[in-house]
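These are my notebook entries on a structure that was new to me. I record what I looked up, in the order in which I looked.

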Amino acid sequence: VPAIREKALHGLVRMKGSSAADFAIAMRTSDPCVGVRASAVRGLPLTRIALPSLLERIDDVEACVRAQVFLRLADQPEAVDELGGAALVRLIVGLSDRSLSVREAAGKTLDAWQQRAGVLLLLARCDLLGDEALSEAAATNLATHFPEESGEVAMEWLGGKRKSASGEASGTEEMAVALLSRVWLAHEAEEERDEYLNVPLLIKRARAALASAQRRDSSSTWHSFLLRQLLHVLVMADIGDEALRRQVEELAEAVLTNAPFPSVSSEISPDSNSAGASNSPSALDLGVLLFRRCYSLTQGYHAHTPQYQTLEARCSTRIVLFVSEICQPQDEGGTGGTQTADKGTDTGGEGADATFTTRLSLKLQELNTGIRERESRKASLVEQKQQAVAEEEFIKAHQFVEDIKNNALELRQMKELQMKLVNQRDNNCLRVLAILTSLLRWSHSDIVRDRALSESLHQIVQPIIGLPALSQELELSAVMAICHFCVRDGRAAKCHWCLLLELLRSLRQGEEPGRSASDRRFIRMRASVVASTLSDCARLHGGALDREMILSAASALAAAPFSARQVVLEPLCSWFLTLGHVFFETHLLEPVLEVQWALGWLLVEAFKQRAVCDADEVDDSMGMGTPEKRSVPAEGKAALASASARRRLRGASWVERPKVEEEAADEEDDDSAEATANAVRLTQFFSLIPKLPGKHGAPMLSLAAESVLESGLWRRAALLPRTVDGQARWLRGFSWPALFSFVHERLPPELRFRLWRSTLQVCVVSPEQSMIAEVPFALEQNAGEAPPGAAELVRDAIEMGADGDTLATLASRLPAPQGDPKVRCLVPQVEAMRMETARREELEELGICIDSWTPALETPDSVPPHLRMRMGKGKAKAKAKAENIIKPPLPPEAVMSPEPKRRRRIDWNIKLGMEEIAEGTSPVMNLPLQAGGG
């Protein structure tokens, strides 16, 4: 009872100094009841062990719980010394919470911390490099909440009165000062900024920071951060003087030429440490913005007048010409001639017109071939050496050993040369592609009327992607640049449509067994870029793309393999929200099975299982377990319980294939956390689908539910026995009753009849599996809103082989069936199974590996207790009792003996009688022995 738990918490709070009480309070911070969670957070002691439980409530869905987190921290300001940099950033961002009560509580906490440490020291303790977007939000909150102190720090830094930092500790303070000054200046009025800025001094400091960022030492990271903050400030400056404009343009050129930039894989990959940097402009982005500032181009909305387009074209031409200078060929000695930009990245042969990049690529191709030959020769030599040793030909074996050493030496030299050539070629090409990508990201020019920008696709990007022996990073950058062009220009999207579809379909090849982890990661990153591009192009370029091309994007997205389904989640949802009417109109004329299939598995993903903590874990956390468990130190127990609670509180993926223990341990956390977040977003998506303008929203939701039923995905809702942490549990992939109720209440009555018909057809096809998937009970829960004709459907289902005992309760809650019983809307079991098989075969032909999504299931020998109580009465009880006997598993045949050994039983009467006959004694003398033995 929540009220009892809340009162118990008040008593535990008074037990100060008890580690068991502190641990019990920490466990109640994740209680399902809002009041209990709020009370636990309010009374939690701020110790190093309990702080993680408190910080987990920062993202609580209830505002009152989040407010209690800040109020508890405000009561004990010295606890800020125990907080890490990442947690401190999240807490400061609470000043911009959507709830007023949370913002007020966060303000009290920050006031207490500011009096204790000060704004600058508070920001310096934050993790500013982990997630730059989050750290920028934290600095903005501090500058807004403490404008006077922030203004003093900013004016001192912008005016050059603050000395430059040196050393790691000083570098952290310098980063905090630069970030705080930049966000404070951004909130000042534009006409007042010139009073605080000394542009020539800022240019000089930016050049110094750029030179320091190029050095690969311990301080280059924070110098790179400092460079970006200085460039941000210069982008906000008013550059009206021509001499000053030239200095800024020279600085922009130096930044584009020498500034470090993040790799494309780190921006795309969600599990990268620098993934947050993708939300913030890089140094190359800021260099492009400086160029635009020199041409009086600012960010924001601008009317596309001829004058504005002229400025955009001039700026694009200037940057493309600068890129062509970087692309100028060089000979191997470092000197080079001059060629035009179109020849600068030509992929011709080995003649005089072949460029430096092309020659390096051809050399790399030869090196790769040589490395593969020597690796295969190494395996052959090792095998020959072992054979010679086995034949005692030791002279030959010694010769083979020498050959192996020479081969290894050649292989090492070739790999070193390969690495050198790859760096020499890729550094140049990656910078060129990064500059063009930044230009496309920030330019508002019409590509059709901007010749320099449009020609860069054909003369720079396409030749790069045509180079032989491409590295994964270079290929990914080139594909990303092409995708940017496709999103901006409908003609480019139409020309590259087949390429994009083929790259997305290659995702299936990347998931085949035998692929290395690096190859699989690269293919997924490439597919994620292409999937977003296909969805965006289909939504933006409806005039340039025909209906077949638009549908082909959805078909390619729908055919994603099971293990890589997260790659296409957001692109599919975006496509359906904007172009769902195209699918529905086409589906009315001819079924589009693969797109309907995608709707089905998206719906299933939204209702995956969400597990909860069990009673034993709660008892142990409250200190009521065994003495052995209670003797575990509180710190170790908290760590173990925290890990176990995370595994059970979050939702597991709705369908899982058997994994090796090592692989499962590596993928469990990421997959579960991502699946839970996806389920929340998908639930919002399907809540929005019926509200779309037009008449296709509700039918699309109905088609999604029908796809789950007709393709066999509903079998993932079956409750199956599993052993989790040594305990027997009944787990399911997703909740069919929750899915059915969600869809049922959002459909009009005429579509509810289709839902009931498909659901009862499942009860006819698989009576036993539908029962353990709770399909009949979902119908019973919604019997009060059953559509007209539901009673007739239930009658036909019972007559065709559905479990009559299970459906009897449902039939009793419906009106008496009417109409001709010979007219049926359901099909017999054999025909329905044949239809499902044909449906699965058609999906296989469309490129969907249906077996990986819906693996075969065996009906369990037992039934979950809550279903056993709800099964039929009377005769059904005996049937259930007979069917639900749990049979012990038999050992494998390989370890079973032909005739099981049994203990030999001795008949003592016969044995003693034989002994008497042999000894010639009287049986009367042995009566006591016979009695004892018998």
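Entry 1: I began with the cysteines and found that the structure holds zero disulfides, a disulfide being a pair of cysteine sulfur atoms within 2.5 Å. Cys64 is in no disulfide, and the nearest cysteine sulfur, that of Cys33, is 9.4 Å away. I then looked up accessibility, where buried means under 20% relative accessible area, exposed over 50%, and partly exposed in between, with a 1.4 Å probe and protein chains only. Cys64 is partly exposed, because its relative accessible area is 36%. Cys763, at 3%, is buried.

**Entry 2: the basis.** I note that this is a predicted model, in which local features need pLDDT of at least 70 and side-chain atom pairs count only at pLDDT 80 or more, while totals for chains, interfaces and linings use all residues. Residues are numbered from 1 along each chain as its sequence is written, and side-chain values use heavy atoms, with hydrogens and water left out.

**Entry 3: the whole chain.** I counted the secondary structure of the protein chain as 45 helices and two strands; helices (H or I, at least four residues) and strands (E, at least two) are DSSP runs, numbered from the N terminus. Of the 934 residues, 49% count as buried. I also looked up contacts, meaning heavy atoms within 4.5 Å. Among contacts with a separation of 6 or more, 75% join residues 24 or more positions apart.

**Entry 4: two helix pairs.** How do helices α17 and α20 cross? The axes of α17 (residues 306–326) and α20 (residues 394–442) come within 10 Å and cross at roughly 175°. Here axes are lines fitted to C-alpha atoms, for helices over the stretch in contact, and angles run from 0 to 180 degrees between N-to-C directions. Therefore α17 is roughly antiparallel to α20. For such angles, under 35 degrees counts as roughly parallel, over 145 as roughly antiparallel, 65 to 115 as roughly perpendicular and the rest as oblique. On the α17 side, the residues in contact include Ser316, Phe322 and Ile326, and on the α20 side they include Asn428, Val432 and Leu439. By class, this contact has nine nonpolar, two polar and no charged residues. In that scheme Ala, Val, Leu, Ile, Met, Phe, Trp, Tyr, Cys and Pro count as nonpolar, Asp, Glu, Lys and Arg as charged, and the others, Gly among them, as polar.

I next examined α28 (residues 593–606) and α40 (residues 829–845), which pack at an angle of about 105° with their axes 10 Å apart. These two helices are therefore roughly perpendicular to each other. Leu593, Glu594, Gln596 and Trp597 of α28 meet Arg839, Glu842 and Leu843 of α40. I classed this contact as three nonpolar, one polar and three charged residues.

**Entry 5: aromatic rings.** Rings of Phe, Tyr and Trp (its six-membered ring) pair if their centres lie within 6.5 Å; planes under 30 degrees apart count as stacked, over 60 as edge-to-face and the rest as tilted. By this rule I count 11 aromatic pairs. The rings of Trp184 and Tyr196 are edge-to-face, because their centres are 5.2 Å apart and their planes stand at 70°. Trp184 lies in α11 (residues 168–186) and Tyr196 in the loop between α11 and α12 (199–214), so the pair ties together parts that are 12 residues apart in sequence. Trp184 is buried, at 7% relative accessible area.

Trp736 and Phe740 form a tilted pair, 6.1 Å centre to centre with 45° between the planes. Both lie in α34 (residues 736–744), four residues apart, about one turn of the helix. Trp736 is buried at 0%, and Phe740 is buried at 1%. I also found that ring pairs link Phe562, Trp597, Trp601 and Trp853 into a cluster.

**Entry 6: a buried serine.** I located Ser770 in α36 (residues 767–772). Ser770 is buried, with a relative accessible area of 1%. Leaving aside neighbours within four places in sequence, Ser770 is in contact with Trp714, Val762, Cys763, Val775 and Pro776.

**Entry 7: positive phi.** Most residues other than glycine have a negative phi. Glu392, not a glycine, has a positive phi of about 65°. I found Glu392 in the loop between α19 (356–390) and α20, and at 59% relative accessibility Glu392 counts as exposed. Ala469 has a positive phi of about 55°. Ala469 sits in the loop between α21 (451–465) and α22 (472–488) and is partly exposed at 23%.
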